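I opened this one to see how its parts sit against each other. My notes are below, in the order I looked things up.

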Amino acid sequence: MTTPAPTDGRVALLHVDDDDLAACVACGLCLPHCPTYRVTGLEAASPRGRITAMRAVQWDGAALDATFAQYMEECVQCRGCEAACPSSVPFGRLMEGARATLQEQPPVKRSPLRGVAEWFGFRVLLPRHWLLLAFTWLLLVAQRLRIVPKGVALPRLSARSLVRPLRPAPAAGEVDAYLFTGCVMDAWQRDVHRAALEVMEAGGAAVGLAGRGGDCCGALHVHAGRIDEARRLATRVVASMPGDAPVVVDSAGCGAAMKDYGHLIDTPEARAFAARVRDFAEWARERHLPLELTGRRVVVQDPCHLRHVQRAASFTHEVLARAYDVTGTDDDGLCCGAGGVYAVVQPELAGAIRARKVEALQRAAGDTAPLVASANPGCLMHLRGAGVDVRHPAELLAAALKKERPPL
Amino acid sequence: MDLTEPDVASIDVDVARLQDAVRDATRVVPEGARTQWEVGGAPRAGTLVRAPAGVVRYEPADLTVTVAAGTPFEHLAAVLREHGQECPLDPRDARATVGGLLSAGLSGHRRLRLGPLRNWVLEVRFVTAEGRLVKGGGPTVKNVSGYDLPRLLVGSLGTIGVLTQVTLRAEPLPAASQWATTARPPSDVRAELFRPSSILFDGRRTRVLLEGEPADVEAQLRAGALEPAEPPAWPPGANRGRISIAPDRVERLGARLTNAGARWLAEVGVGTVHVAGDTPETLTAAREAAAEHGGWLLREAGAPALDPFGVPLPNFGLQQRVKAAFDPHGKMNPGRIPAIDPDPAREIA
Amino acid sequence: MHDLVNDLRAALGTDRARAEPLELALYARDAGVARGRAAAVCWPSSTDDVAAAVRIARRHGRPFVARGSGTGLAGGATPVGDPVVIVTTHMNRVLEVDTANRVAWVEPGVLNLDLTRSVHHLGLHYAPDPSSQQACTVGGNVATNAGGPHCLASGVTSTHVLALDVVLADGSLARLGGLEPDQPGYDLRGCFVGSEGTMGIATRIAVRLSPDPPAVRTLLLGFDSVDDAAATVSGIIAAGIVPAALEMMDALITRAVEDFVGAGFPRDAAAVLLVELDGLPDGVDAQIGAVRAVASERSARTVRVAADEAERALLWKGRKSAFGAIARIAPDYYLHDAVVPRTRLVDVLEQVYAIAGEHRLTVMNVFHAGDGNLHPLIVFDAREPGIWDRVHAAGDEILRACVEAGGVLSGEHGIGLEKREAMPWIFSADDLDAQARLRDAFDPTGAANPQKVLPAGSRCGEATRVPEGAWI
């Protein structure tokens with residue numbers, strides 16, 4: 001990421017590339033693919049508007065003020081606009097750069113509480129998996145005591161799951177594939193990993209888990225503009241899964257970040273690692289799985305980081321169709337509003353975006369309440385918060401595995 | 001006269017004379033073939049002016065044709081037919097001039113598939129009250145350069161200017177064309193057919209015009225259980241009018257018209273109902289029936305005492321401003337749209 | 001200024017009007033290149049809101065500019081003269097779908113493609129399909145009389161709009177047109193459609209819904225010369241076929257698109273045609289045979305009929321991704337829009353290439369061949385010094401060449417600010433005066449989207465002046 005040389009004596013402000021910023025021709029084709037524009041109708045809440053605002057700061061001397069910060073922070077970073085952009089504007093990169101700048105030079109004094117919360121989350125909790133697990137136990141107790149505030153879309157944590165570690169069948173030699181378990185997901189949704197493991201082993205793979213440091217992938221840090229921290233975490237993850245075996249990721253957001261390690265770290269090792277990363281369904285589609293037809297209808301929600309960033313959403317449909325009556329939504333894969341921590345930071349917008357998505361899911365399901373598949377833990381929790389029955393594709397596949405299976 | 005090779009210079013001279021005549025006149029009455037002379041109010045006495053005739057330019061591969069406004073429709077149709085094309089203005093009397101047809105603005109019986117008259121007009125040239133020659137629109141099949149003067153002129157009954165020349169869109173003649181009939185209700189028939197050219201209903205039988213590829217016409221006849229038939233006749237009678245009404249109200253209105261003693265033929269899916277009767281009172285009754293269903297009746301012929309429109313002009317102030325912008329002194333064809341004439345009191349006196 | 005915003009907020013709601021400099025910057029332009037400056041932006045949610053906004057603007061002596069998605073390419077929504085920008089994005093409801101009359105009443109902010117999707121289950125669609133249909137609003141389509149590939153057979157916006165509720169420049173309301181086929185008096189609806197926001201703001205629109213064709217087939221034809229492709233276009237028409245769509249792409253764009261989408265376009269063809277036929281199955285089959293025959297007469301080297309809906313969708317994706325493909329060749333482009341008589345296509349294309357060559361620019365052509373609607377696309381890198389002058393000079397010459405071939409200035413983008421000064425190329429002083437009279441009859445105050453469409457000096461006796469705050 002190069003910051004342009006100032007041409008008029010003024011110090012260029014944003015950590016964005018001038019060519020990237022110049023690439024937008026303001027055609028507006030991104031607008032309907034932007035969840036915040038869809039629910040607000042405001043140029044300021046659209047990709048084109050955000051780019052115009054960045055240009056105003058970068059080129060026309062507009063202030064890096066609270067209004068600008070608000071425009072940037074309202075972005076879910078779903079990157080639906082990138083997929084729709086005819087000029088291939090790297091919007092995600094622009095937004096990460098703008099956020100990195102705001103991180104360095106916050107125009108408004110952040111509330112000390114938020115500063116502490118961010119420090120604790122990004123710097124303390126996420127990089128230390130043991131601490132995250134301990135924290136999760138605390139949350140679990142809080143949940144049982146009903147002192148978790150309403151509106152926090154926390155899944156129902158399970159003590160039974162937390163005490164049972166994942167145990168793949170031991171591999172004789174090299175593993176066929178790694179299952180990446182991450183940080184929050186391992187703490188809060190370990191059952192999804194368990195299902196993924198079951199499906200992978202049913203598909204005949206010897207599965208390995210990441211070694212030390214193979215937990216937090218740094219995706220949330222990238223989105224928040226904490227690039228240096230993200231690089232440190234990514235380097236750890238790369239080192240944690242040596243060899244050539246594919247790295248299977250059952251979280252679309254993590255998978256997207258890991259596929260981008262080549263760009264983030266920019267070393268041959270990172271590029272080679274990124275090439276090994278597969279979304280769970282992307283891996284599973286090439287395997288024979290002993291599945292039986294369930295006859296149940298499943299509405300597949302395409303997580304943004306699978307559809308727009310990894311461009312691998314179709315595999316989930318393909319694999320699930322082996323056991324289910326699969327249907328998609330008619331909203332061009334518009335974001336559900338989860339966006340990592342977005343739903344916590346921007347609850348109002350996230351709620352409005354989710355309401356739109358829930359309507360689309362219901363339209364797709366027809367008369368019945370939809371059974372929804374989502375390959376991203378964030379979307380899954382966010383949509384469950386609206387009372388939708390959402391499962392991870394791995395869970396749905398595990399449920400459809402033939403009970404009587406020939407020995408491997 | 002060979003209409004495919006016009007003497008363009010003579011048309012120009014004619015137009016120049018026309019400009020002079022309009023400029024010098026105190027009242028201008030444009031005249032075509034007088035086939036729709038009674039549409040709208042009765043023309044007042046004034047200087048009769050006629051547009052020149054002749055096909056100015058015809059490029060079949062462009063599907064466009066430019067004609068002087070005084071060209072009889074039947075001549076235009078003959079020229080186009082030689083190249084397997086048509087311009088579906090569909091006048092009831094083919095002697096009508098193209099300019100007259102467009103000025104009256106009444107669409108033909110194939111409007112269901114081919115749209116209203118105005119959709120076929122690409123460019124207009126007309127002489128204004130001051131005698132200026134004005135062009136609006138453009139000669140190409142697609143154009144959004146400037147304001148849509150062609151649509152203003154179509155149906156303006158000569159009250160904005162005198163049409164001298166128009167460019168029209170042409171269309172390949174359908175390979176097959178067949179009228180057919182059935183006793184089934186028209187809405188049922190319509191639901192089964194794809195892009196029928198016309199569906200007419202007289203309260204008893206449904207008549208359909210199918211046009212297109214021969215195989216499609218055959219398939220549609222079968223799909224709608226239709227029997228081939230002769231083209232229907234227009235309702236006979238010296239007193240004629242046409243009702244405009246929302247399409248879904250046509251069948252209900254039809255029953256009322258029959259009770260009122262009117263003969264009628266409705267364009268299903270369009271909302272035009274052609275009405276005829278032996279006495280002016282029939283039209284009055286039909287007009288009342290139309291009004292009850294939210295429509296209105298335009299007097300087309302006969303019933304001279306009947307108001308031509310029978311309803312106040314919608315957006316009267318706006319209509320007046322448009323009229324005044326082009327003809328502030330009310331010199332262009334006064335009486336045809338009586339309400340729009342400036343200071344009607346003086347006109348009556 | 002603050003009074004203006006306060007009044008707007010009092011009428012529309014506190015969060016429905018803004019005037020912070022950064023906010024105004026976001027509304028300084030549409031998808032065209034001209035930039036202006038707004039005094040305030042507001043987001044009404046009803047006809048009454050729009051009327052109130054117009055009246056407040058007038059009370060403060062300001063003009064107003066309506067804006068939908070801001071996807072117009074001619075600067076039609078660019079604010080000139082410190083106006084109030086009235087954004088219709090909150091008015092985005094499909095109010096009523098009337099299947100008996102095959103009509104939908106919609107608010108102006110409904111997106112074109114959303115409208116079609118909302119009636120898809122009824123076997124109906126809204127026919128005009130501009131390339132920006134996923135993003136553009138029906139209100140904006142009405143303002144520009146938008147077209148699209150499928151307007152060849154089905155007609156542009158004006159043929160699909162039956163009635164309009166509009167707010168006029170004095171804040172009064174009017175219903176233009178109606179569901180009845182004819183109205184007494186002048187066709188005010190016809191005058192309003194395509195008037196680029198200079199006659200008022202449409203707040204409710206009745207559009208015609210068309211039944212989906214039972215069969216749709218798409219052919220891909222590849223040729224060794226542009227001449228053969230153009231002759232095939234004429235041949236198809238001469239064979240009595242008006243396809244649902246008939247699109248041409250030249251060699252450069254075909255290669256770029258193929259590299260981008262991989263739809264199977266012949267990379268070495270000099271030109272390709274996309275021909276879409278729709279209707280009843282038998283007739284469509286017959287027409288496919290006829291088109292094949294015409295194409296082989298003109299020595300087409302690729303004749304491919306899309307085997308299924310997926311292949312058909314991929315071909316169209318290629319056509320509609322043309323701009324995306326171009327972004328890989330050069331960072332900037334300038335898209336033109338002009339129409340020539342179909343028979344002059346070859347001739348004009350040659351001139352387009354020659355003009356670009358003289359200015360050392362790359363031009364690509366992807367366009368609606370069926371109706372002669374050219375979209376020459378000049379690609380360049382804006383960082384090259386002096387490049388804009390060359391781009392504009394070439395653009396002007398291309399437009400002149402189209403006009404000299406008997407063409408017009410715009411087929412679907414409109415005049416806006418971009419082509420205002422070119423209007424005298426095709427219209428005389430008397431022609432422009434007549435257009436100005438019509439416009440002024442609707443808006444005697446001149447407050448509705450001022451200085452658009454007509455060049456300064458269109459009215460007899462009007463002084464020529466350059467708009468403030470606008471550059472083109």
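**Ground rules**

I am working with a predicted model, where local features need pLDDT of at least 70, side-chain atom pairs count only at pLDDT 80 or more, and totals for chains, interfaces and linings use all residues. Residues are numbered from 1 along each chain as its sequence is written, chains are lettered from A and ligands numbered from 1 in the order in which they are written, and side-chain values use heavy atoms, with hydrogens and water left out.

**Who touches whom**

I looked for contacts between chains, contact meaning heavy atoms within 4.5 Å. Chains A and B do not touch, and their nearest C-alpha atoms are 20 Å apart.

**Chain C against chain B**

I found 82 residues of chain C in contact with 65 residues of chain B. The buried area (accessible area, 1.4 Å probe, that two parts lose on being put together, summed over both) is about 6100 Å², with carbon and sulfur atoms giving 58%.

Next I checked salt bridges (a side-chain nitrogen of Lys or Arg within 4 Å of a carboxyl oxygen of Asp or Glu). The rule finds 8 of them between chain C and chain B. One I looked up is R118(B) with D187(C), at 3.8 Å, N to O.

For polar contacts I used a pair of N or O atoms within 3.5 Å; within protein, one must be able to donate a hydrogen and the other to accept it, and residues adjacent in sequence count only if both atoms are side-chain atoms. That gives 29 residue pairs between chain C and chain B, both residues at pLDDT 80 or more.

Which element gives the largest share of the side of chain C that touches chain B? It is α16(C), with 10 residues. Helices here are DSSP runs (H or I, at least four residues) and strands likewise (E, at least two), numbered from the N terminus. By class, this side of chain C has 37 nonpolar, 27 polar and 18 charged residues. In that count Ala, Val, Leu, Ile, Met, Phe, Trp, Tyr, Cys and Pro are nonpolar, Asp, Glu, Lys and Arg are charged, and the others, Gly among them, are polar.

**Chain A against chain C**

Here 33 residues of chain A are in contact with 30 residues of chain C. About 2400 Å² is buried, and carbon and sulfur atoms give 49% of that. I count 5 salt bridges, including R67(C) with E43(A), whose closest N and O atoms are 3.2 Å apart. There are also 12 residue pairs in polar contact, both at pLDDT 80 or more. On the chain A side, α1 (18-22), α2, α3 (47-60) and α4 (66-73) each supply at least two residues. Of these, α3(A) gives the most, 7 residues.

**Inside chain A**

The domain assignment (bounds from an automatic or database assignment) gives domain 1 (18-104), domain 2 (164-284) and domain 3 (297-399). I looked at domains 1 and 3, whose centres are 25 Å apart over C-alpha atoms. They bury about 1400 Å² between them, 69% of it from carbon and sulfur atoms. V39(A), V76(A) and C78(A) supply 33% of the area that domain 1 buries there, more than any other three residues.
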